[in-house]
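These are my notebook entries on a structure that is new to me. I set down what I looked up, entry by entry.

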Amino acid sequence: CLGISSILKSVSREIPTVSVVSYCDDINVIGPAIDCLRAKQLLSERLGIVGLSFNLIKSKLFTREVDIICDIPIVRDGIEAMGIPIGTDEFVSRCVRENFAKMTKIINYLPAFGSNHQFHLLRSCINNRGIYHIRCIRPELIVNECIDFDTCVDQALLKAADNATVFPEYSKLARHLPEALG
């Protein structure tokens with residue numbers, strides 16, 4: 001993104017009703033739909049000069065306006081930006097459910113590692129992804145998904161701890177504390 005930051009900034013300056021936000025190879029253009037399409041056109045032209053192009057397969061226009069015609073798919077229920085769903089409540093809940101299912105799928109592979117490694121993988125690779133969602137999405141939208149996610153992580157912890165069957169109540173409380181306190 002640093003190499004094209006001047007292009008991104010120039011489009012934001014020329015069309016002040018949009019914000020051009022980028023991270024790695026993802027560019028998000030935020031603002032009124034018609035202005036976003038204008039910005040996309042400018043970005044396409046300017047990025048083309050340096051040999052870059054939009055991946056039309058990954059491109060979407062999220063709008064509720066009905067009279068928009070463009071060369072990219074229009075979605076009305078939501079999009080995911082940086083792994084976080086944005087849109088209708090139903091869209092957000094569905095995406096989180098799907099994302100949590102993908103995140104917890106790796107739990108099936110944990111028994112191949114020793115207990116010590118299982119704990120580190122759960123803490124660093126699986127649990128943190130769930131926390132990222134929880135910090136970015138209104139909690140009331142994903143309560144059930146979070147309970148299911150916690151249950152999967154708890155079950156993996158129990159298996160790693162010599163196949164214990166149930167956490168004592170105080171252990172459940174300690175698991176939800178920040179690492180420095182638990």
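With which residue does K40 form a salt bridge, and how far apart are the closest N and O atoms? I find that K40 pairs with D71, the closest N and O atoms being 3.4 Å apart. A salt bridge here is a side-chain nitrogen of Lys or Arg within 4 Å of a carboxyl oxygen of Asp or Glu. K40 lies in helix α2 and D71 in the loop between β3 and β4 (74-75), so the pair ties together parts that are 31 residues apart in sequence. Helices (H or I, at least four residues) and strands (E, at least two) are DSSP runs, numbered from the N terminus. I note that K40 counts as buried, at 12% relative accessibility, whereas D71 is exposed at 54%. Buried means under 20% relative accessible area, exposed over 50%, and partly exposed in between (1.4 Å probe, protein chains only).

Entry on the model. I am reading a predicted model, in which local features need pLDDT of at least 70 and side-chain atom pairs count only at pLDDT 80 or more, while totals for chains, interfaces and linings use all residues. Residues are numbered from 1 along each chain as its sequence is written, and side-chain values use heavy atoms, with hydrogens and water left out. The protein chain averages a pLDDT (the predictor's confidence in each residue, from 0 to 100) of 84, and 93% of the residues score at least 70. Confidence is lowest in helix α6 (residues 169-175), with a mean of 71, and highest in helix α1 (residues 5-14), at 92.

Entry on other salt bridges. I searched the whole structure and recorded 8 salt bridges. One of them joins E14 to R46, with the closest N and O atoms 2.7 Å apart. E14 belongs to helix α1 and R46 to helix α2 (residues 33-49), 32 residues apart. E14 is partly exposed, at 43% relative accessible area. D26 and K58 also meet in a salt bridge (2.9 Å, N to O).

The largest nonpolar core has 19 residues, and L122, I126 and I137 have the most contacts inside it. Such a core is a set of buried Ala, Val, Leu, Ile, Met, Phe, Trp, Tyr and Cys residues joined through side-chain atoms within 4.5 Å. Two or more residues come from each of α3 (89-105), α4 (115-136) and α5 (143-160); the largest share, 6 residues, comes from α5. I also noted a second, separate core of 17 residues, including I15 and A33.
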